[in-house]
Amino acid sequence: MAAIDKVRIIVVGDSGVGKSSLTHLICQHQPISNPSWTIGCSVDVKLHEYKEGTPYQKTYFIELWDIGGSHSHRNTRSVFYNPTHGIILVHDLTNRKSQQNLQKWLGEILNRDSGCKSRYSSFDDFDPEQFVGSTQIPILVIGTKLDLVEQVRCHSQQRSSTIAEECGADEIFLDCQQIRSLAAGSSSAVKLSRFFDKVIERRYHSRDRISPFSDKRRSAVASLSPKFYHAD
Ligand SMILES: Nc1nc2c(ncn2[C@@H]2O[C@H](COP(=O)(O)OP(=O)(O)O)[C@@H](O)[C@H]2O)c(=O)[nH]1
Ligand SMILES: [Mg+2]
């Protein structure tokens, strides 16, 4: 039997936003009642049908790398960022700071490729649009704890200028403790499946696909954001 091709997606965001709950829901199709503290990183896997229902349908492994978000581990977790074929940015809808911090998470992922130490003071100037344009790594933004948010509609509208917009990424809001949040055919499940298809497309089927860590990409990013590439 032919080996199943795989893609590797990293799941990042502040501690406590629900990354482990989300990863479990996606891969095990059930909520986790009491997620343990993620130390370093944990990996979960799911099978995904690429372009399901079309003549191009094919099965792939999706590896979700759930990266511990603790600030104290920021200097060591970059080892988990390589290679990356897709990024899921997770924030907690009841915690605005966790959404603002997604920019820092993208900056950290960008920095892991520079071989330099992180320069956190520069992340405020970090431009997600440039990052996306230069890396072409598909991004999905997920807002968790929808069940805890009052006036959801109003809340979502406030978030119209999110990092998702800047990145041109899809965004999903959901309750990670409910199995129905990702029920087959729901808009969230469709967006998630579309994102997985996009990651696979870029990795295996894109004509101008580039390695996430190619020299071409490195120099493109460096020329756009030179300040990230100065060694301390
Ligand atoms: N009410 C609610 N709680 C959630 C949701 N997602 C995660 N949690 C809770 O938030 C806490 C942190 O979740 P966890 O998955 O460990 O976050 P992580 O640190 O980002 O991995 C846990 O107590 C979860 O049960 C959600 O959508 N709704
Ligand atoms: Mg965790």
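Start with the ligand. Helix 1, residues 19-28, gives three residues to the shell around ligand 1, the largest share. Helices here are DSSP runs of H or I with at least four residues, strands are runs of E with at least two, and both are numbered from the N terminus.

Before I go on: this is a predicted model, where local features need pLDDT of at least 70, side-chain atom pairs count only at pLDDT 80 or more, and totals for chains, interfaces and linings use all residues. Residues are numbered from 1 along each chain as its sequence is written, and chains are lettered from A and ligands numbered from 1 in the order in which they are written.

Back to the shell. There are 17 residues around ligand 1, and Gly-18, Lys-19, Ser-20, Ser-21 and Cys-176 come nearest; a residue counts as near if its C-beta atom, placed from the backbone, lies within 6 Å. By type, the shell has four nonpolar, nine polar and four charged residues. Nonpolar means Ala, Val, Leu, Ile, Met, Phe, Trp, Tyr, Cys and Pro; charged means Asp, Glu, Lys and Arg; the others, Gly among them, are polar.

Is helix 1 itself enclosed or open? Eight of its 10 residues are buried, so helix 1 is largely enclosed by the rest of the structure. Buried means 20 or more other C-beta atoms within 10 Å of the residue's own, all placed from the backbone. The buried ones include Lys-19, Ser-20 and Ser-21. Their cover includes strands 1, 2, 3, 4 and 5, where contact means C-beta atoms, placed from the backbone, within 7 Å. Just after helix 1, His-29 has a positive phi of about 60 degrees.

Strand 5, residues 139-144, runs parallel to strand 6 over four bridges, and Gly-143 has Phe-173 in strand 6 as its bridge partner.

Last, confidence. The protein chain averages a pLDDT of 81, and 73% of the residues score at least 70; pLDDT is the predictor's confidence in each residue, from 0 to 100. Residues 114-122 fall below 50, and that stretch has 14 contacts in the model beyond near neighbours in sequence. Residues 213-232 are also below 50, with 28 such contacts.

Notes. Two strands pair if DSSP finds at least two bridges between them. Two residues are in contact if their C-beta atoms, placed from the backbone, lie within 7 Å. A residue is buried if 20 or more other C-beta atoms lie within 10 Å of its own, exposed if 12 or fewer, and partly exposed in between; C-beta atoms are placed from the backbone.
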